Amino acid sequence: MLRHSAEECLALADAVLAAVPEGEAEVRVVEDDLALTRFARNTVHQNVAETGLSLRLRLVAGGRVGVAEVRGNAGGSIDRLVRLAEEARRVAPAEDALAPLPAPDGRDGPCGWSDATAEATPEQRAEGVATVTTAAAARGLQAFGALSTRATQLAVVSSRGVRRHGRRTAAALSAVVRGEDGAGYADRHAVDAGDLEPEAVAAEVIETAERNQGARPAETGLHEVVLSPYAVQELVGYLSYIGFSALAVEERRSFMRFDERLMSPSVGIRDDCADPAGSPFPFDAEGVSTRPVTLIDGGVCRDVVHDSVTAARAGVANTGHSLPQPNTIGPWATHLVMDPGAVPASELVAGVRRGLYVTRFWYVRVVHPLRTVITGMTREGTFLIEDGRLGAPVRDLRFTESIVEALDRVQGISAERRLQLGEDGSSVVVPWLHLGGFRFTS
Amino acid sequence: MRDVAERALDEAVAAGASYADCRVVVRTVQTLEVKNGRVARVALSDDEGVGVRVVVDGGWGFAGVDRIDAGEAEEAVRRAVRIARAGARLRSAPVRLAAVAAVTGEDRTPVVIDPFSVSLERKLEVLLAADAAMARVPEVRVRDSSLEFVREHRLFASTEGARVDQTIVESGGGMDATATSDDEVQTRSHPNSFGRHQLCAGWEAIEEMALPEHGERIAGEAAALLTAPPCPSGRMTLILDATQAALQVHESCGHPTELDRVLGDEAAFAGTSFLLPEMLGSFRYGSEKVTLVADATAPGGLGTFGWDDEGVPAERTVLVDQGVFRGYLSSRETAAVLDRQSSGTMRAWGWSRQPLIRMTNINLEPGDSSLEEMIAGTEHGVYLETNRSWSIDDRRLNFQFGCQNGWEIRDGRRVGLVRNPLYRGITPEFWGSCDAVAGPDEWRMWGVVNCGKGEPMQIMHVGHGAAPCRFRDVSVGPA
């Protein structure tokens with residue numbers, strides 16, 4: 001449970017601001033409380049919790065910027081924080097064209113918060129875990145995974161008048177179930193721990209595990225595929241990492257070619273911090289309100305996300321996607337949403353005469369950013385699809401494929417979607433996808 | 001700090017813990033970054049707190065709190081105890097720990113020049129000079145260089161009587177030059193990719209990197225790669241530079257020898273391992289040229305320390321001896337499963353996360369060849385430098401790596417630069433095809449600063465001693 005109120009966080013930020021002797025300043029207060037129960041072989045083997053509050057100060061004076069951060073005894077470290085930031089600022093060369101700190105924008109929006117998650121107990125986490133391990137044991141299987149609950153609050157206060165506070169919660173249950181010769185995977189992510197559906201996770205992962213026993217090798221090459229949301233979120237996440245940032249476009253390392261159709265007309269991807277299917281949070285690391293951005297619409301590249309720096313350079317509106325400034329990473333799309341289709345996921349499989357169903361990708365890495373080529377492995381549930389039905393399991397395969405080219409082969413999108421939450425507070429909402437081809441290489 | 005730890009342990013015993021340990025950690029970091037001629041970031045940070053780990057009713061509990069304060073530490077103990085009790089009812093057997101002698105002592109990273117004694121101005125001078133050197137090549141669109149310095153003071157105390165106090169100092173630096181054209185993006189790095197190379201050492205490590213002296217070279221290489229022909233495709237001889245050899249060791253030896261993975265503790269996330277206990281002492285992991293050790297005593301490595309985070313002294317453990325699989329990275333709990341002693345590889349990310357089995361310095365022992373000898377002895381192949389992408393399956397068998405730079409070799413000579421090189425293989429087959437490793441003159445300790453493992457995720461700094469090495473009949477091709 002968080003130990004400070006919103007008012008206390010804002011007051012702490014105010015106190016830092018008051019201690020700054022000159023120039024502009026921005027203070028970020030982040031408090032985080034995380035608990036996680038981890039299980040393996042149907043037993044709890046790691047069970048942890050942590051709580052911490054950090055203070056970050058950005059000082060801007062005389063054309064110089066300095067940053068300091070203190071975590072630990074933060075309330076008693078204000079003087080040290082200011083001194084460190086001033087020490088950092090003093091050595092930076094002066095710049096004429098330093099952008100001012102963002103001004104207040106007067107907007108607000110929803111936060112994805114649940115008291116049930118913030119107040120979740122170790123006993124409740126153990127109960128959720130037991131649902132999975134007991135079900136697995138009853139089938140003679142072994143379960144592995146984790147159930148986590150997290151509460152975070154962020155306050156941003158600046159000398160330009162920004163004064164924001166927001167909070168969010170995240171809960172996740174992930175499970176691998178293994179039999180003698182194969183495994184399955186399932187997870188659920190939610191703002192509210194009450195929505196984790198341990199029984200549904202157990203049923204799904206056990207069904208996949210029991211189906212995935214005694215896998216045989218499959219041919220490499222281009223296969224028609226149905227990808228589950230666990231796999232699709234890797235494609236969308238990496239597409240964003242590679243190219244949805246204005247800085248990536250500026251530095252000519254993004255695939256985005258504006259107003260050109262690069263993908264199937266059925267592909268739509270947005271960043272929407274207010275979408276209730278995601279994990280809503282209304283502002284970025286500078287306290288600027290995050291606006292919805294249409295990234296891909298009808299397969300056409302439309303826009304990218306901006307922070308105050310890229311927006312100023314491009315002369316466009318800041319979309320409120322900043323990481324803590326200053327940074328060299330650039331803006332970041334943190335609330336990705338892929339548009340749903342109209343058919344049930346089960347019908348996607350029914351539409352494939354011969355292909356592969358992929359439960360999950362693993363260890364995905366960028367091979368060529370401009371061509372959006374990534375590589376990775378399938379894991380815990382890859383199956384033949386034969387005459388519209390899931391068939392025999394196949395051994396894990398390596399893929400090496402261009403995301404853009406793969407998304408140009410979309411033949412079907414499910415109506416159902418799943419939420420995936422990252423440890424950094426980001427979220428991705430994606431459906432099942434039927435692709436006309438996906439390249440497996442070894 | 002000592003008082004806080006003692007109070008925490010007393011509280012744990014009073015609350016019914018059969019075992020407890022406490023780590024008090026103070027971490028100071030300086031980060032400086034220059035991008036495209038501008039100082040992009042000067043950031044100074046302090047992080048301190050207490051992590052307590054308890055065994056209660058046969059189950060583990062851990063809690064971390066961001067105050068070095070006896071009352072807060074006692075509260076963390078109470079939280080850890082409640083957590084342990086909640087999970088203990090789901091355990092099939094109580095925690096069992098391999099015995100270890102209760103040690104006391106102090107240790108400090110030896111440094112020639114304390115990096116925190118060097119002015120921030122001097123550090124920025126180095127970065128700005130490196131940036132200016134890269135800027136001499138007009139095709140380079142993005143220039144990025146950075147330095148990082150870490151000082152971490154760790155106190156470890158356990159209910160078994162261990163009391164150790166150590167200070168770790170790290171110095172790291174690196175730079176990237178990225179050239180772009182309409183259809184290509186090419187980056188070259190020095191001394192290594194992933195942003196920087198880092199060692200447990202002082203400012204002398206930064207001086208040895210000579211960043212400004214290498215700026216124009218890597219910028220020119222990045223520009224040349226834009227128009228270089230694609231890497232040839234097919235099965236051929238592969239020679240890796242020491243940095244890529246280090247990453248190959250990391251992914252295909254370091255991780256699969258982690259005993260927690262072998263036992264299934266990481267099965268749902270990081271994965272398992274193909275190196276099963278019944279293979280110890282007999283499985284042929286690689287050729288007789290291949291000897292790999294976990295050495296937390298090696299000078300300068302990011303996995304060098306006095307004691308691990310269970311109070312086990314730093315050790316040197318043979319993992320692979322002349323190609324035969326011999327040992328694991330282990331903890332007190334996992335070692336007990338095999339009726340062995342811990343190899344001293346439990347490490348935690350700061351105070352807030354519990355220790356896990358992590359790599360220390362996983363080193364490929366030097367051989368008796370040299371890079372030039374290896375090239376001279378190659379009819380057709382490629383020599384690859386500096387990692388660009390890396391991927392391996394969850395059992396650590398099927399891998400594919402990409403490198404920044406490639407040189408095609410014909411009849412014993414480098415004949416030209418090639419771009420976007422990839423190679424792929426299956427771990428034991430790949431190491432089985434190793435027919436040469438360069439000698440001590442070309443062997444260096446490298447630092448990997450982005451090794452992720454565990455839930456919640458912990459990023460660990462680990463070391464790898466490596467030298468250039470050669471592999472025959474490898475699948476190679478362009479991205």
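One pair to look at here is Thr51(A) and Val65(B), which are bridge partners, the latter sitting in S3(B). Everything described here comes from a predicted model.

On the chain B side 65 residues are in contact with chain A, and on the chain A side 71 residues are in contact with chain B. Quite a list of elements in chain B supplies at least two residues each to the side touching chain A: strands S1 (19–35), S2 (38–56), S3 (59–65), S5 (140–158), S16 (380–392) and S17 (398–410), along with helices H2 (70–88) and H3 (120–134). Of these, S2(B) gives the most, with 12 residues. As for what that side of chain B is made of, 25 residues are nonpolar, 23 are charged and 17 are polar.

Turning to chain A on its own, the chain splits into domain 1 (6–211) and domain 2 (221–440). Their centres, taken over C-alpha atoms, are 23 Å apart. Contacts between the two involve 34 residues of domain 1 of chain A and 31 residues of domain 2 of chain A. The side of domain 1 that touches domain 2 draws at least two residues from each of strands S1 (24–40), S2, S4 (142–158), S5 (163–179) and S6 (182–190), and from helix H5 (198–211), all of chain A. S6(A) gives the most to that side, with 7 residues. Sorted by class, the side of domain 1 of chain A facing domain 2 has 14 nonpolar residues, 11 charged ones and 9 polar ones.

Back in chain B, there is an open sheet of 4 strands, antiparallel in its pairing and ordered S12-S11-S10-S15. Strands S12 (324–325) and S15 (362–364) of chain B stand at the edges with a single partner strand each, so one side of each has no neighbour in the sheet. The partner of S12(B) in one antiparallel pairing is S11 of chain B (residues 316–321), joined over 2 bridges. Within that pairing, Val320(B) stands opposite Phe325(B), a residue of S12(B). Helix H6 of chain B (residues 242–254) packs on this sheet, where it touches S10 (292–295), S11 and S15 of chain B. The direction of H6(B) makes about 120° with that of S15(B).

Conventions:
Residues numbered from 1 in each chain as written. Chains lettered and ligands numbered in written order. Predicted model: local features only at pLDDT ≥ 70, side-chain atom pairs only at ≥ 80, totals over all residues. Pairing = 2+ DSSP bridges. Contact = placed C-beta atoms within 7 Å. Axes fitted to C-alpha atoms, helices over the stretch in contact; angles between N-to-C directions. Nonpolar A, V, L, I, M, F, W, Y, C, P; charged D, E, K, R; others polar. Domains from an automatic or database assignment.
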